[in-house]
There are 2 protein chains.
Amino acid sequence: MTAPEILTEIWRGDILESVHTGHAVICDHKGDIVEAWGNPDHITYPRSSCKMIQALPLIESGAADAYGLNSEHLALACASHQGAAIHTDRVSKWLSGLDLGESDLRCGAQEPADIPARNALVKTDDSPCQYHNNCSGKHSGFLTWNKHMGHGADYHDPSHPLQVAIKEAFEDVTDENTPGYGIDGCSAPNFATSVAGLARSMAFFAGASEDGSAREKAALRLHRAMATHPELVAGETRACTELMRAMDHKVAIKTGADGVFTAIIPEKKLGVALKISDGATRASECTIAAILVKLGVLDPAHPATQKRLNAPILNWNKVNCGTIKAVDSLK
Amino acid sequence: MTAPEILTEIWRGDILESVHTGHAVICDHKGDIVEAWGNPDHITYPRSSCKMIQALPLIESGAADAYGLNSEHLALACASHQGAAIHTDRVSKWLSGLDLGESDLRCGAQEPADIPARNALVKTDDSPCQYHNNCSGKHSGFLTWNKHMGHGADYHDPSHPLQVAIKEAFEDVTDENTPGYGIDGCSAPNFATSVAGLARSMAFFAGASEDGSAREKAALRLHRAMATHPELVAGETRACTELMRAMDHKVAIKTGADGVFTAIIPEKKLGVALKISDGATRASECTIAAILVKLGVLDPAHPATQKRLNAPILNWNKVNCGTIKAVDSLK
């Protein structure tokens, strides 16, 4: 088994303060590995980086069209949003259109990461609700599927027909049997796969064609929705939003908790997946930016890139104290 | 060179989701290594974990006594506090007693981590100030030294006599020549040392006697102040505060940014230092708790311990999704 390799270095002054190891894979649409770092067979949870896979049944079942979902809804179904008004307003309206409400969600309440939304709650002594949960769009997609299919309310239960359908889609696009699932932050099951399997699934999305299978057509709609609405997939200041904008809406990327990142690059029919061994976001963001630059789809000089790749570490006085640096092997 | 070793495992379901490697050393008061994990010679920045060393000149110079500092002041001088009212009120009063104010600090403004203090600022549309900076107590100690000694206002400059005095003390108690410094989050220089050197310095504090040198007497006052006032060293819900209370105020411990933790155990004349390679706090807290349990000074059944050592990972619905687990070699 190949060990993880160092992908990100944290320099402070002339001393290497911290290092992040991990595994990363670039895969083509035939499912072959183009390039890899660390161990492609390393098993991990994709966490939120696979939300576009979890949204496949929403379209394939006919639910999305039956309820008139547009590309904004689909982007939210794939989102880890930060609970800003642009997210919660849309989720609330979406659910009321289904004659459902906040209490039908099963994701739990989460304080919004969006500062204006957070401050609005503080000022009115309000508590965050399930609409603010970063996964409320994904769960609204789940509820839409469930309304259409008529199954039980606990759509997040691993034995619920929705999760069975997600597992089938997940194993199909990763081309692997999942070794199991964990329970995610939003209480939905999250199926494990290898980093190569996750990259393979992203390459499936990247290679999906208008003329392809129903699954390919669904994949195409989902990654296009993500790239079309970067602000709905995460939010202002966030890596997914800023980097998708920097790539002119041509590439869909998605972060996942505990150091995961995925990318779908249709123009090259390539998929990317990476897992930082220790789960650090600063390293997953630096590494995905480095790989996107290497693949020629992200401008290294763009401010959104420079905020993550070889980015300065600023202190409370805005003094430059160090650098978050990608290793040379990512060049 | 010995590689870092795995110290903390992050389990979700039946799958190992993430791992944290690092270096840890237990040292006795003679400066000898009692036990080590990873590489004792690994060079790192102690960051805030060495604030008690940075406070030695405050006492040794006579400044602390000249300005009537009590044990609360000394605890704050060693603190990474969370900007709660109990911290900022004391810092403000301390500085006004020196005929100084907020603008004399050089640490920068920082949003308080204390939720009530943060919400109070939001509700009044106020911005955080330098009093809220987690290092404002350390900097108040610096200003006290500087007032007593009569040097220039930029006490954080690496060439300032205060920082020269700190470097001398740092090299003395670590018994190493520092390979250099980095600029810390609060703009003060932070001198590098080996993990063994940092543990050795903590053992110096642990072995300090009433009958010892002026430096020993200063060290004794500082670690006693920390253990006497755990709530001033960090704040409610924080690891330093909760674990020092759990150890009946008999042990002083201190966290540092980017995965550092130190401990001073006077009853055993032992010092502990650890550095998590990737800088993760969840791993530094789990590891220091494991070592303190191993050394018999922390009850593994105490709720403060169980919050960090083999702690459950709860999601937004409070569902138990996994465990933050110390490796067996720490038992």
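A: To start with a term we will need, helices and strands here are DSSP runs, a strand being a run of E with at least two residues, and they are numbered from the N terminus. Please keep in mind that this is a predicted model.

Q: OK, which strands each supply at least two residues of the lining of the second largest pocket?
A: Those are β2 (15-28) of chain A together with β2 (15-28) of chain B, and β2(B) gives the most to that lining, with eight residues.

Q: And how much space lies in that second largest pocket?
A: About 680 Å³; of the 33 residues that line the pocket, the closest to its centre are A:P4, A:T21, B:P4, B:T21 and B:S277.

Q: How do the residues of that lining divide?
A: They divide into 15 nonpolar, 12 polar and six charged.

Q: Switching to helices, how do α5(B) and α7(B) lie to each other, and why?
A: Helix α5 (residues 85-97) and helix α7 (residues 136-149), both of chain B, pack at an angle of about 10 degrees with their axes 10 Å apart, and since angles under 35 degrees count as roughly parallel, these two helices are therefore roughly parallel to each other.

Q: Which residues meet there?
A: From α5(B), B:V91, B:W94 and B:L95 meet B:S136, B:G137, B:S140, B:G141, B:L143 and B:T144 of α7(B), and the residues of this contact divide into four nonpolar, five polar and no charged.

Q: Last one: in what sense do β11 and β12 of chain A pair?
A: Strand β11 (residues 311-314) and strand β12 (residues 320-326) of chain A pair in the antiparallel sense over four bridges, with A:P312 opposite A:T323. The hairpin has five residues between the strands, and A:K318 takes a positive phi near 65 degrees.

Definitions and conventions
Residues are numbered from 1 along each chain as its sequence is written. Chains are lettered from A and ligands numbered from 1 in the order in which they are written. This is a predicted model: local features need pLDDT of at least 70, side-chain atom pairs count only at pLDDT 80 or more; totals for chains, interfaces and linings use all residues. Side-chain values use heavy atoms; hydrogens and water are left out. Axes are lines fitted to C-alpha atoms, for helices over the stretch in contact, and angles run from 0 to 180 degrees between N-to-C directions. Angles under 35 degrees count as roughly parallel, over 145 as roughly antiparallel, 65 to 115 as roughly perpendicular and the rest as oblique. Contact means heavy atoms within 4.5 Å. Ala, Val, Leu, Ile, Met, Phe, Trp, Tyr, Cys and Pro count as nonpolar, Asp, Glu, Lys and Arg as charged, and the others, Gly among them, as polar. On a 1 Å grid over the protein atoms alone, a cavity is a set of points where a 1.4 Å probe fits but cannot get out, and a pocket is an open set with protein on both sides within 12 Å along at least five of seven lines; lining residues have an atom within 4 Å of a point. Grid points are joined across faces, edges and corners, and a volume is the space filled by probe spheres set on the points. Two strands pair if DSSP finds at least two bridges between them.
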